[in-house]
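Hi,

Here is the structure I promised to pass on.

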Amino acid sequence: MERISLSEDLDFSRIIYGMWRIKDGDEDTSVPHVRAKIDACLDQGITTIDQADIYGDYGAEAVLGSVLKDAPALRDQIEIVTKCDIIAPIGYHSDKRVKYYDTSAEYVTGALERSLTEMSVEAVDLLLIHRPDPFMDADVTGPALDALVDSGKTKAIGVSNFRPWDFELLQSRMDHPLLTNQIEISVLETSSFTNGDLAYAQTHRLPPMAWSPLGGGALFDGSNAKLTKVLTRIAGEQNADMTAIAVAWLIAHPARIMPVMGTNNLDRIKALGKAMDVALDRQTWFEIYEAANGAEVP
């Protein structure tokens, strides 16, 4: 598995395993079952785990924590990403009357400390601000995030769903660099290729993470018949499946995109690394891009 360097002392697996669905429905969250998912990732060299305090109605981090309590040595084999700032009236925030964002120093500090407790770890590798906060005081948030790095509770800081101007505002008030932006990118969400998000990331040599790289499963519902036809044909030519082609399409881009894969199906988890075996030339990449957008490029 390829590794992507975010800084001199932090690198991630090219494909990241996302735990946002780890508590979906009646999903088995027992230690052996979740451990099997992590082991399936590690067998392929997928070592980076993506979390957030809000995932699983503020319960997903504790699921990972149960595994790490059972097998503390596992912590040294993985990198942990988590996020904070979304407050929704569910879980331990059920007393709140409205959904909102909180990037105050008190909240981001307390949220990370709570995440560390939930996951039974002393530090995470990367903390992301989950959504841009229109009420953010960057003069407060920036130093608070710097302090979390200085304290050793997180190795580094990044953001999620930020536009370039949001990124620059927060970075302008920080001493430590922001290392990544996790944004939605897939064959069903291609706006970042032309709206400046990926151009900004490449300008500053910031490898982006891609959430929902399969369009939240919509890729397989047949709503885009042309895209399905193209991906199916290419999959046959590559002796792969549509998932591998869609992920390989992101990996082929020079921005060094890191897809965050969130399936709960163990067999699918075991096959995530197959996307690394797919090679797409420029014409094939644009053929998929054309099918995704419904028109040839100008």
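Predicted model: local features only at pLDDT ≥ 70, side-chain atom pairs only at ≥ 80, totals over all residues.

Residues are numbered from 1 along each chain as its sequence is written, and side-chain values use heavy atoms, with hydrogens and water left out.

Back to Ile-87, which sits in strand β6 (residues 86-87). Helices (H or I, at least four residues) and strands (E, at least two) are DSSP runs, numbered from the N terminus. Ignoring neighbours within four places in sequence, Ile-87 is in contact (heavy atoms within 4.5 Å) with Tyr-58, His-93, Lys-96, Val-98, Lys-99, Tyr-100, Asp-102 and Tyr-107.

Now the cores. A nonpolar core here is a set of buried Ala, Val, Leu, Ile, Met, Phe, Trp, Tyr and Cys residues joined through side-chain atoms within 4.5 Å. The largest one has 88 residues, and the members touching the most others are Tyr-17, Leu-145, Leu-170, Trp-249 and Ile-288. Helix α9 (residues 242-251) is the top contributor to this core, giving 9 residues. Apart from this core lies another, of 13 residues, including Leu-6, Ile-16, Val-81 and Ala-156. As for Leu-170, its contacts beyond four places in sequence are Ile-129, Met-136, Thr-141, Gly-142, Leu-145, Val-159, Phe-162 and Leu-178.

The axes of α4 (residues 105-119) and α5 (residues 138-150) come within 9 Å and cross at roughly 30 degrees. Axes are lines fitted to C-alpha atoms, for helices over the stretch in contact, and angles run from 0 to 180 degrees between N-to-C directions. Angles under 35 degrees count as roughly parallel, over 145 as roughly antiparallel, 65 to 115 as roughly perpendicular and the rest as oblique. So α4 and α5 are roughly parallel to each other. On the α4 side the contact is made by Ala-105, Val-108, Thr-109 and Leu-112, and on the α5 side by Val-140, Ala-144, Leu-145 and Leu-148. By class that gives 7 nonpolar, 1 polar and no charged residues. For the classes, Ala, Val, Leu, Ile, Met, Phe, Trp, Tyr, Cys and Pro count as nonpolar, Asp, Glu, Lys and Arg as charged, and the others, Gly among them, as polar.

The other pair is α1 (residues 31-43) with α3 (residues 60-70), whose axes also come within 9 Å but cross at roughly 90 degrees. That makes α1 and α3 roughly perpendicular to each other. Val-31, Val-34, Arg-35 and Ile-38 of α1 meet Val-63, Leu-64, Ser-66, Val-67 and Asp-70 of α3. This contact has 6 nonpolar, 1 polar and 2 charged residues. In α3, the buried residues are Ala-60, Glu-61, Val-63, Leu-64, Gly-65, Val-67 and Leu-68, and they pack against α1, β4 (48-50), α2 (55-58), β5 (79-84) and α4.

Some loop residues next. Ile-78, in the loop between α3 and β5, is buried at 4% relative accessibility. Its contacts, not counting residues up to four places away, are Leu-42, Thr-47, Ile-49, Leu-68 and Asp-125. Ser-212, in the loop between β11 (209-211) and α8 (225-238), is buried too, with a relative accessible area of 10%. Ala-218 is also found in the loop between β11 and α8, but counts as partly exposed at 27%. Beyond four places in sequence, Ala-218 touches Leu-188 and Ser-223.

Finally, the backbone. Most residues other than glycine have a negative phi. Asp-57, in helix α2, has a positive phi near 55 degrees. Arg-256, in the loop between α9 and β12 (258-261), has a positive phi near 65 degrees and is partly exposed at 33%.

Cheers

Conventions. Buried < 20%, exposed > 50% of the residue type's maximum accessible area, 1.4 Å probe, protein only.
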